[in-house]
Amino acid sequence: GVIVENIIFSDINKEEEISRVKNEGSMPLYVSYTDSGSSVVVSDDRLCGYNSSGEQKWDVSYDNRLLNSFEVDQKGNTVLALAGIKNNTVLEMYTKNGHKSGEYVTESKVKSLHLNDKYIAVCEPAQVSVINYSGRLLENIDIQKEYTDILITDRRNVILMSTGGIERLTF
């Protein structure tokens, strides 16, 4: 069988369908709605943006790279964690308009990432980093413990979670 991404855009007030989009071979993973009425769709093989009437405005292919994880902020800015060729991760940052704003290549495979309106926290097996949306490294610290998840509160503070509890890390 073939996977077909099927996205329906509706006018909730009028309770009617506005448009329908089908992409053969893509599997939608996440849909984010912005304040302006546009949508950002993260699929297994592409990142797309649509206007409020369901018209596709931009499309970013992963070029056959494996999507390991992703994060989308409230404005529609997106960070893709794509598998690197050296058992590492390539983070690509995109604006809500589909423009690539930056890239950051990690030393190893990313275990977790989280973003806020200014910064991206990245947790690898041996280090925690804070980068900006341009891909510039701002903070970095080596860690000794295995963490499962990360949350960023601001540039100098992140919350790390492990099976043993929660810790706050200040740079």
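Visitor: Why is Asp-63 called exposed?
Guide: Asp-63 has a relative accessible area of 57%. Exposed means over 50%, buried under 20% and partly exposed in between, with a 1.4 Å probe and protein chains only, so the value for Asp-63 falls in the exposed class. This is a predicted model, in which local features need pLDDT of at least 70, side-chain atom pairs count only at pLDDT 80 or more, and totals for chains, interfaces and linings use all residues. Residues are numbered from 1 along each chain as its sequence is written, and side-chain values use heavy atoms, with hydrogens and water left out.

Visitor: What is the phi of Asp-63?
Guide: Asp-63 is not a glycine, yet its phi is positive, about 50°. Most residues other than glycine have a negative phi. Glu-15 also has a positive phi, about 55°, without being a glycine.

Visitor: Where are Asp-63 and Glu-15 found?
Guide: Asp-63 is in the loop between E6 and E7, and Glu-15 is in the loop between E1 and strand E2 (16-24). Helices (H or I, at least four residues) and strands (E, at least two) are DSSP runs, numbered from the N terminus. The protein chain has 17 strands and zero helices.

Visitor: How do you know how many disulfides the structure holds?
Guide: A disulfide is a covalent bond between the sulfur atoms of two cysteines. Here the term is applied to a pair of cysteine sulfur atoms within 2.5 Å, and the structure holds zero disulfides. Cys-48 has a relative accessible area of 1%, so Cys-48 is buried. Cys-123, at 0%, is buried. Of the 171 residues of the protein chain, 45% count as buried.

Visitor: What makes E7 and E10 stand at the edges?
Guide: Four strands form an open antiparallel sheet in the order E7-E8-E9-E10. Strand E7 (67-72) and strand E10 (100-105) each have a single partner strand, so one side of each has no neighbour in the sheet. From one strand to the next the twist averages 15°. Axes for such angles are lines fitted to C-alpha atoms, for helices over the stretch in contact, and angles run from 0 to 180 degrees between N-to-C directions.

Visitor: How do you know that E9 and E10 pair?
Guide: Two strands pair if DSSP finds at least two bridges between them. Strand E9 (residues 89-94) and E10 have five bridges, in the antiparallel sense. In E10, Val-105 is the bridge partner of Val-90.

Visitor: Which residues line the largest pocket?
Guide: Among them are Ile-8, Phe-9, Tyr-33 and Ser-52. On a 1 Å grid over the protein atoms alone, a pocket is an open set of points with protein on both sides within 12 Å along at least five of seven lines, a cavity is a set where a 1.4 Å probe fits but cannot get out, and lining residues have an atom within 4 Å of a point. The largest share of the lining, four residues, comes from strand E1 (residues 4-11).
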